[in-house]
Amino acid sequence: MTATELGLPAVRRGATTDPARPADPRLVDSFGRVATDLRVSLTDRCNLRCTYCMPAEGLDWMPRDEQLTDDELMRLIRIAVRDLGITELRFTGGEPLLRRGLEGLVAASAALEPRPDISLTTNGIGLARRAASLAEAGVNRLNVSMDTLRPERFATITRRDRLSDVLDGLAAAREAGLDPVKINSVLLRGVNDDEAADLLRFAVENRYELRFIEQMPLDAQHGWERSEMITAGEIMQSLQREFTLTPDPTERGGAPAERWVVDGGPSVVGVIASVTRPFCGACDRTRLTADGQIRSCLFARTETDLRAMLRDGADDGAIADAWRQAMWAKLAGHGIDDPGFLQPDRPMSAIGG
Ligand code: SAM
Ligand code: SF4
């Protein structure tokens, strides 16, 4: 029986080099894409329990000794920036603010040459106290997840009554000079799908940049249903009832969001239509989980175990080669629409969203 049949991700250890791969030091794949954006999950733990992400009781968190230490993590980030052409780093989770020493990891990353652009995706709990120190450590940009402006709905969606903490965190991030401060919102049918325009009005008035994300089949409970998902088309329809939206002329590049200028500007709103308008062809991401696995895609069903290599004494060159090989094997797309689509075993919170 293979590892996958046991319900575990198939893990590649230090994969051998495919002779078809060009001698390019960067993270190229066989479809001509180049990964320059590294998403680092700092922990799988979280202090919220968003219904579309994990069950009320939480998950079996990763044992501490399986998590990369700060030194191990920084060694991999250094290899990524120095040897593999990574120019953007995003720390995420789980909830990255729960990782002890986050400011130190940010500062160490900011000291790398060439300095990467550093961003953070957070639920905003505790951000009010830390926004200034994170900005000082070197965070350039921040995304805060907030799906509703109504406290009782927030408590329903996240199973915690903490909306005011998130609003305080957003304000503190703006005060700390982080620019742009983005808000990520997921709309759920019958729960908050009537709030698209209210969220945009709030964002415009407070100078935040709002992005809606289509709900994806990445919840730990495997409860996602396409028919229940609020589509980008539906989101646009509700926004256009109250705002004039024109396509943002700035280059999209590998960015997942389609952006629209709101009422002539300067505000813009983004829609990340991962399911209905996939952007896999322009993907520039590589992912590192908190336990040191490389994933070429959110939806990948295989992982490459760099933690084992680190702990077995591999040198930087061998680790870089394994990472290159992992990305060379990246598939063309996420395959959500394929008849045989299988949701990855790891939920979003353990991959890093
Ligand atoms: N805890 C942090 C937060 O919520 O921002 C960082 C991790 S969270 C997994 C990153 C982003 O993924 C959040 O914006 C969240 O709303 C989004 N997300 C989680 N589960 C999702 C799903 N099934 N489909 C779409 N987005 C999801
Ligand atoms: Fe936590 Fe983020 Fe998942 Fe919500 S979406 S449960 S905040 S990891």
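Analyst: Happy to! A residue counts as near a molecule if one of its heavy atoms lies within 4 Å of it. Please keep in mind that this is a predicted model. With that cut-off, the residues surrounding ligand 2 are Cys 46, Leu 48, Cys 50, Cys 53, Met 54, Gly 94 and Asn 123. By class, this shell holds five nonpolar and two polar residues, and no charged ones.

Gly 94 also takes us to the other ligand. Around ligand 1 there are 18 residues, of which Gly 94 comes nearest together with Tyr 52, Glu 95, Ser 145 and Met 216. The shell of ligand 1 consists of six nonpolar, ten polar and two charged residues.

Now for the atoms themselves. Ser 145 places a polar side-chain atom 2.5 Å from an oxygen atom of ligand 1. Glu 95 has a polar side-chain atom at 3.2 Å from a nitrogen atom of ligand 1. With Met 216 it is the backbone that takes part: one of its polar atoms is 2.8 Å from a nitrogen atom of the ligand. On its own, ligand 1 has 540 Å² of accessible area, and the protein covers 95% of that.

Ser 119 belongs to strand E6, which spans residues 117–122. Its relative accessibility is 3%, so Ser 119 counts as buried. Leaving aside residues up to four places away in sequence, Ser 119 touches Leu 89, Arg 90, Phe 91 and Arg 141.

Conventions. Residues are numbered from 1 along each chain as its sequence is written. Chains are lettered from A and ligands numbered from 1 in the order in which they are written. This is a predicted model: local features need pLDDT of at least 70, side-chain atom pairs count only at pLDDT 80 or more; totals for chains, interfaces and linings use all residues. Side-chain values use heavy atoms; hydrogens and water are left out. Ala, Val, Leu, Ile, Met, Phe, Trp, Tyr, Cys and Pro count as nonpolar, Asp, Glu, Lys and Arg as charged, and the others, Gly among them, as polar. Helices (H or I, at least four residues) and strands (E, at least two) are DSSP runs, numbered from the N terminus. Buried means under 20% relative accessible area, exposed over 50%, partly exposed in between (1.4 Å probe, protein chains only). Contact means heavy atoms within 4.5 Å. A polar contact is a pair of N or O atoms within 3.5 Å; within protein, one must be able to donate a hydrogen and the other to accept it, and residues adjacent in sequence count only if both atoms are side-chain atoms. Accessible areas come from the Shrake-Rupley method with a 1.4 Å probe; for residues, only the protein chains shown count as cover.
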